[in-house]
Amino acid sequence: MELYVVREGDTLYSVARQFSLTPGLISRYNGLTEPYRLAVGQCLLILTPLETYTVQPGDTLLAVARQADVQVKELWRLNPNLRGTQTIYPGQVLVTRLERTGDTPLELSGYVYPFADAAVLREILPYATWLIPFTYGFTEAGQLIDPQAAAAEMLAQQYEVGKFLHLSTLTESGGFSAQRAEALFANPAAQQTLRDQIVQTVRRRGYAGVDVDFEFLGAENAQKYADFLGYLRPAVNAAGAELLAALAPKTYAAQPGILYEGHDYAKIGAAVDAVLLMTYEWGYTYGPPMAVAPVNAVRRVLDYAVSEIAARKIFMGFPNYAYDWTLPYEAGQTRAMLIGNEAAPALAVQTGAEIRFDEVSQTPYFNYTDGLGAVHEVWFEDPRSCLAKFRLVQEYGFRGLGVWNFMRPFTAMFSLQNAMFGLPL
């Protein structure tokens, strides 16, 4: 495995020649599309096949998998250009064995909205361990509100991916409500109703776990929240599922701010089976241009987290999205546009921008001028930033990665995970 940074004058074909590979193999693991133009400074993931198979007339994907002594899911991971489908054609070259850099076990979870594009999900699900549809809500009386994510859950079943029930305080207006949580905490009958309905739903829908995500609670609700999780866990476990809680990215126990004060790492860590650290959103929609998940800032969160919670209980968050800011940034006025991590280098190509890399945050970025003369700044993830984050998972010995979210393709990221870790089959 190598990472290659594009230089002036490089083409996909010239890069392929340097590594004695076909251009198709490089495009396959980087999500490149025709006309395969590259941006100066763009990072490419270079993976070398050890064995390949040329499809013959009458072959099926299952037949190829059996002949190569691999599972179909492995073929999808080794050949992301298949996009998680069964379609192959005579003469097509499939990778059946790929160089690997490690086999450390890693569980990969990812959130998804009910309206997710099925084609994108099919590309991603072969790598996933858990799918977490966003989000079940609840009323003040404790009645569970179904997100109507049956289509995404059916796809998960097709790809043998486990499902988690995601429970949050998100209201119909789209914001997290501390008031909704407070009403629940103050009403034992509502808590029992909600617990019972969660357990019934877990059993009926076959959920492997429950992910609780109560945000912006404030210090006054910290103990009550930990107590609620401790109340919920035995019933969830008895239903054959585990309980996970999503945590704001704190760096010390008494960190001020309504986002942080309601999450007591030590108490929540003791009350649940696993946690997800939301290690992203340093760069955010209304904030100044910067990395979404700078490695130096992420590490500070991880250092604190492992001082309070066992590392094998932890999923580290990863951002499968990028932001495009219009400059100059004006606090309270500028609103960044959300884009994908594959869309970002394509935008650099389109605008003739050179991609740069910030060594401190270990994150790529670039500037461009749009058709109206406005200057933009884009921060995104690429194989270099992914590698830096994945090495943290290895270093700390975490259970897995939690991706927000599975709504956009990011072939290089998933291919790099497949090369570095032992993803469950």
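Start by selecting β2 (43-46) and α13 (343-351), each of which supplies at least two residues of the lining of the second largest pocket. Helices (H or I, at least four residues) and strands (E, at least two) are DSSP runs, numbered from the N terminus. This is a predicted model, where local features need pLDDT of at least 70, side-chain atom pairs count only at pLDDT 80 or more, and totals for chains, interfaces and linings use all residues. Residues are numbered from 1 along each chain as its sequence is written, and side-chain values use heavy atoms, with hydrogens and water left out.

Keep α13 highlighted: with three residues, α13 gives the most to this lining. Now show Leu32, Gln42, Glu342, Pro345 and Ala346, which lie nearest the centre of the pocket among its 23 lining residues. A pocket here is an open set of points on a 1 Å grid over the protein atoms alone, where a 1.4 Å probe fits, with protein on both sides within 12 Å along at least five of seven lines; lining residues have an atom within 4 Å of a point.

Next, move to the largest pocket and select Tyr280, Glu281, Tyr284, Tyr321 and Tyr323, which lie nearest its centre out of 37 lining residues. The largest share, three residues, comes from α12.

Last stop: select helix α15 (residues 411-420). Its residues are buried (under 20% relative accessible area, 1.4 Å probe, protein chains only) in 10 of 10 cases, so α15 is largely enclosed by the rest of the structure.

Note on methods. Buried means under 20% relative accessible area, exposed over 50%, partly exposed in between (1.4 Å probe, protein chains only).
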